[in-house]
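Subject: Model handover

Hello,

Here is the model I promised you. Please open it before reading on.

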Amino acid sequence: MREVLVRSIKAQMKIQEMAFMLVAVMIFFGMVALVYFSITLANVRSQAASLGDQEAQALARQMATTPELGLASSTDCANCVDMEKAFAFKDQTDIYKKLWNIDYLMLERVYPASDEKICAAAFEYREQKCNQLVLIGSQPYATKTAFVALAIWDPSLRNGNGGWKYELGKVHVSPKRI
Amino acid sequence: MSSGKSMSRLNAYKKKGQEEMVGFVAIMLVVAIAFLIFLGIYLRKGPSTEVENFEISQFLESSFEVTTDCRLSSTRDPSDMGELIRSCSANSANTCYPSGKEVCDEVKESMMVLIESSWNFNETSPEKGYLFAVKRETNLSDQGIVSFGSSTPPTSNIRSAEKPLPGGIIMYLEIYS
Amino acid sequence: MLKRGDRRGYEFSFGWLFALFVGAAVLALAVFIAIQLLDTGQYQRESEEAKRIGVLLTPAETGLEEGKFSTIYVDDETRLMNDCELPTTNYPFGTQLISLATRPSYRSEWQEISGIESSFHNKYIFSTKMPEAEGEFYVLSKPLSMPFRVSSLVILWSDKENYCLRETGADPQILTQLRRLNMTNIYLKADGCPSDSTEICFSGGCDIAVQFIGTSHGVVKKDAQQLPFILSTDSDPYALMYAAIFSDPDDYSCQFRRLAARAEYLSIIYSSKAQSFSSCGADIVPIFQDYASFLNTFKSGAPTQQQMNDLYQKMMGVKQANDARSSCPVY
């Protein structure tokens with residue numbers, strides 16, 4: 001009888017131990033899962049952001065060849081941006097923000113040197129009173145850049161018929177924020 | 001005697017219980033350490049490095065088109081850098097109109113301005129120095145038709161690109177980080 | 001613990017039984033969670049892959065070249081869902097949707113739900129609705145000018161799709177182009193195409209029949225539908241013809257209307273640019289504005305042969321006016 005009682009108590013103790021152990025293990029696994037999913041989620045976010053970055057990098061490099069900005073009349077220049085189109089484009093930025101999945105697009109003149117400020121109008125850019133023409137957005141974020149040649153129409157060239165003058169520039173692109 | 005026996009059995013059980021607890025804690029510790037090591041290895045893989053010489057390649061493509069102040073003759077419009085490089089390679093005695101400056105000097109000065117406007121070279125910035133050259137394909141070990149650079153000696157971290165031009169000429173730029 | 005009690009039997013303690021039972025339950029739970037995580041991982045991979053393929057397709061687009069053929073490699077058996085959404089007020093250029101489903105080697109069935117759709121507004125992919133590849137997708141990029149450069153068309157098929165073009169009646173320029181590109185799974189035969197291939201012909205009847213109407217436009221007949229196309233002003237003018245041949249009919253109509261929208265907005269940009277060139281050459285602004293208005297009519301429905309004929313005439317009008325300004329062309 002006493003032995004049965006002792007065994008019964010022992011059994012109950014074992015059940016108790018097992019129960020506590022299971023609770024501890026479950027809490028442990030729960031914490032591990034929490035850490036794993038938070039890392040995974042951060043990883044998915046960073047993968048998505050990285051893919052967005054890659055897209056923006058590719059876009060920065062390709063900007064000079066997009067029909068909206070590329071210099072179509074010159075078949076020799078694969079890396080030329082048509083500033084006359086950029087000036088015209090400036091009025092339709094909401095539409096083009098969606099076309100390229102970007103939040104920010106800016107053309108910067110590197111050479112010849114001019115005042116380092118954002119242009120309010122096309123004539124300021126022509127008169128070299130500014131060097132940054134913002135086409136889309138206003139706040140750069142994680143921008144990707146690429147060198148381009150900026151082509152501006154100069155009516156005085158070619159004996160007054162006009163021709164293209166090329167400057168060294170950079171295109172700045174910010175991917176769409178996730 | 002029986003109480004002595006039960007005492008020793010109780011002690012044995014206590015010891016066993018304690019051993020089990022220690023064992024469980026030891027397992028938890030091993031798993032936790034293994035997890036931390038895994039986490040450390042996983043988080044250590046940093047951002048992948050981009051092929052940066054693409055930036056220099058695009059710089060060379062773009063600067064090739066840039067319109068300079070040099071006219072190759074009185075009847076011509078200002079030439080672009082590509083035309084000046086071809087003219088300099090064909091004959092180093094060619095001069096600009098009306099300044100009379102040698103075309104090769106104009107290439108050197110204009111490219112220097114372009115390069116130093118595009119990157120900020122000093123000891124505290126990521127880019128420490130550079131070397132630019134225009135060379136003939138047939139004689140790459142030579143000084144070059146045009147060659148100049150910053151005074152900083154080359155470091156071990158070099159990015160570079162080259163642009164082949166018609167007539168067997170190569171335009172080359174390397175940047176030290 | 002097995003104990004020999006009285007000689008009637010062995011005692012198997014309750015503790016062991018309980019431990020065995022709970023252990024089995026915990027193991028089963030762990031295996032279940034592992035499988036769920038594998039599925040989540042696969043979902044994530046498919047979503048990334050769709051975006052990666054979209055990004056990879058960007059360099060494949062032509063800048064100044066006539067056409068480019070390239071191969072995209074995939075690790076597992078992959079199904080690409082290609083969908084097109086028409087231009088809307090929110091998305092004036094329409095949307096190109098790509099999603100992927102994969103079938104890894106450890107599964108015998110396709111996932112019911114594929115990865116997250118990736119959306120692009122500046123890509124135009126022409127393919128069947130759901131091309132399936134064992135290891136490779138093939139991409140042909142062709143520039144499209146109407147008459148100014150509008151975009152590059154991306155024509156896509158898989159290693160499980162075979163196309164055979166019957167040379168009889170085909171324009172020699174088309175044959176020369178195709179031979180130069182030497183594309184995988186595209187065969188050129190005088191006659192006698194492989195039985196497992198989709199036949200394309202320029203005379204007579206076959207799976208996909210191409211019929212030219214004059215020198216301006218034509219129609220591709222497939223799946224009991226007629227897909228009209230125009231010849232572009234590129235050196236190889238057949239980009240839309242290839243697109244119609246390889247594309248699902250509904251998607252072709254949708255993509256063409258997206259292209260028309262893109263051309264319309266480009267025409268507006270060129271008309272603004274032409275204003276700053278007004279001192280050089282005849283006034284070309286009204287021509288671009290008229291062209292933009294005409295392109296707007298494609299928003300109302302699927303393109304017809306008559307519309308294609310009118311489009312070609314308008315397009316050539318813009319081209320001639322621009323070419324006349326030899327000293328300061330607008331594009």
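My notes follow, starting with conventions and then going through chain B, the cores and some backbone details.

This is a predicted model: local features need pLDDT of at least 70, side-chain atom pairs count only at pLDDT 80 or more, and totals for chains, interfaces and linings use all residues. Residues are numbered from 1 along each chain as its sequence is written, chains are lettered from A and ligands numbered from 1 in the order written, and side-chain values use heavy atoms, with hydrogens and water left out.

Chain B

Chain B has four helices and four strands. Helices (H or I, at least four residues) and strands (E, at least two) are DSSP runs, numbered from the N terminus. Their order from the N terminus is α-α-α-α-β-β-β-β. Of the 177 residues in chain B, 31% are buried. Buried means under 20% relative accessible area, exposed over 50%, and partly exposed in between (1.4 Å probe, protein chains only).

Helix 3 (residues 81-90) and helix 4 (residues 103-118) of chain B pack at about 140 degrees, with axes 9 Å apart. Axes are lines fitted to C-alpha atoms, for helices over the stretch in contact, and angles run from 0 to 180 degrees between N-to-C directions. The two helices of chain B are therefore oblique to each other. Here, angles under 35 degrees count as roughly parallel, over 145 as roughly antiparallel, 65 to 115 as roughly perpendicular and the rest as oblique.

In the loop between these helices sits Pro98(B). A cis peptide bond links Tyr97(B) to Pro98(B), with omega about -5 degrees.

Cores

The largest nonpolar core holds 62 residues; Met146(C), Trp157(C) and Leu311(C) are among those with the most contacts inside it. A second, separate core has 34 residues, including Met81(B), Leu84(B), Leu114(B) and Leu173(B). A nonpolar core is a set of buried Ala, Val, Leu, Ile, Met, Phe, Trp, Tyr and Cys residues joined through side-chain atoms within 4.5 Å.

Backbone details

Chain A has a cis peptide bond between Tyr111(A) and Pro112(A), with omega about 5 degrees. Pro112(A) is in the loop between strand 2 (102-111) and helix 4 (122-126) of chain A.

Arg158(A) has a positive phi, near 55 degrees. Arg158(A) is partly exposed, at 37% relative accessible area. Asn185(C) also has a positive phi, near 70 degrees. Asn185(C) is buried, at 11%. Asn185(C) lies in the loop between helix 2 (172-181) and strand 12 (186-189) of chain C.

Best wishes
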